[in-house]
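Subject: Structure handover

Hello,

Here is the structure for you to look over. My notes on it follow below.

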Amino acid sequence: MKWKFAAAISIAVLAGFACAQLICQSIDVRDAFGHLCGRGHLVALAHGEGIYEIDVDRALAELRYQSGQEEADGKETSQSREFVLSQLTTNAAVARLATDEKIPTSEIERQLSLLQFQFRDRKTYLTALRVSNLSESMLRRTVSGNLRARQWISRRLSPQLHVTTDESMHFYQGHRQDYFQPVRLRVSHLFLAAPTETAPEIVDIKKAKIEALAKRISEGGDFAEIVAIESEDEATKGRGGDLGFFSAYRMPPDFFTAAERLRPGERSKPLRTALGFHIIQATDVKPARQMTFEGVSEDIGNSLEHEKRRMAMRGLEVDLNSKVRIIRSIF
């Protein structure tokens, strides 16, 4: 008699499990549950994970916030809706596929600590969680899920990211013009601010002062000492006005042209640029040169790996979304 009772229990359990599976697979039931839970209609299924209308609305709100738009204006394009739905389905698919990834507890704790560290104290941290309708356990699950997804993506993409020396060399030979280093100058300057919008009477005062400082320097005054006291370039006055090495694209054209005329050791007369008045002292020059492959191979490798990662990620998104089932149009 006991075995009959046990068998009946087993059958009931199996029947209940089968019923639950059918319910989970039923689109109509999941759609109804979405309404009951306040998530709206079921929009899509991504590897068994449901995407609901509220998920799309939240993603669109975040997209608006990132673009500086505070409220919906009723003109959201189909492209933006397509974009957020693609992101949601990709994330849902990865979350489902990454469930078996193992993340050390220590790494989860480290990420949670980094999040909490952004707040003044624990009370402020807990308040922020409540405002976001999050508990610490919910945040832990979210962080754990994000780490698993990141690890799954990394393992999936890593075989496609290796860059060979031949690939780097081929790229270098086809883009040698991009690795030509122009002339670089190194100068120090004494600076008095007088941008173009400065009132004429102030410009006259600054002009008279720069000329007086130039006279002091020509009479033997120490350039670095005078710069430390009188220069209005706060970033460089503490190091004698040294601007380091720079090429033409890093400096205003009028300043670079004046500096380029000087040989190391020479000093300019007072000159005015769009920023103000300068006295320039040249200290060094590095001539233009073709950079060697050995000197740029690491940068090329990083650039090619970045491009491979971008393409591999795009391919992964296409693959994951090819298995998505769209239930309801949002366009």
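The second largest pocket has a volume of about 220 Å³. A pocket here is an open set of points on a 1 Å grid over the protein atoms alone, where a 1.4 Å probe fits, with protein on both sides within 12 Å along at least five of seven lines; lining residues have an atom within 4 Å of a point. Grid points are joined across faces, edges and corners, and a volume is the space filled by probe spheres set on the points.

Two notes on the source. This is a predicted model, in which local features need pLDDT of at least 70 and side-chain atom pairs count only at pLDDT 80 or more, while totals for chains, interfaces and linings use all residues. Residues are numbered from 1 along each chain as its sequence is written, and side-chain values use heavy atoms, with hydrogens and water left out.

Back to the second largest pocket. Its lining has 11 residues, and E82, L85, S86, T89 and N321 lie nearest the centre. α4, α12 (293-321) and β9 (324-326) each give at least two lining residues. The largest share, six residues, is from α4. Helices (H or I, at least four residues) and strands (E, at least two) are DSSP runs, numbered from the N terminus. By class, the lining of this pocket has five nonpolar, four polar and two charged residues. Ala, Val, Leu, Ile, Met, Phe, Trp, Tyr, Cys and Pro count as nonpolar; Asp, Glu, Lys and Arg as charged; the others, Gly among them, as polar.

The largest pocket has a volume of about 1,400 Å³. It is lined by 30 residues; D55, L88, N91, T142 and N146 lie nearest its centre. At least two lining residues come from each of β2 (49-52), α3 (53-66), α4 (78-97) and α7 (136-157). The lining divides into 14 nonpolar, nine polar and seven charged residues.

Buried residues of α4 include V84, L85, L88 and T89. Buried means under 20% relative accessible area, exposed over 50%, partly exposed in between (1.4 Å probe, protein chains only). The buried residues of α4 pack against β1 (42-46), β2, α3, α7, α12 and β9. Contact means heavy atoms within 4.5 Å.

Now β1. Five of its five residues are buried. β1 pairs with β2 in the antiparallel sense over four bridges; two strands pair if DSSP finds at least two bridges between them. L42 has Y52 in β2 as its bridge partner. The two strands form a hairpin with two residues between them, and H47 in the turn has a positive phi of about 55°. β1 also runs antiparallel to β9, joined by three bridges. There, A46 stands opposite V324.

A separate item is the open sheet of four strands, in the order β5-β4-β7-β6, with antiparallel pairing. Its edge strands are β5 (242-246) and β6 (271-272), each pairing on one side only. Three bridges join β4 (184-193) to β5. R186 has F245 in β5 as its bridge partner.

Last, K206, in α9 (200-218). It counts as buried, at 16% relative accessibility. Leaving out residues up to four places away in sequence, K206 touches L192, A193, E232 and F277.

Best wishes
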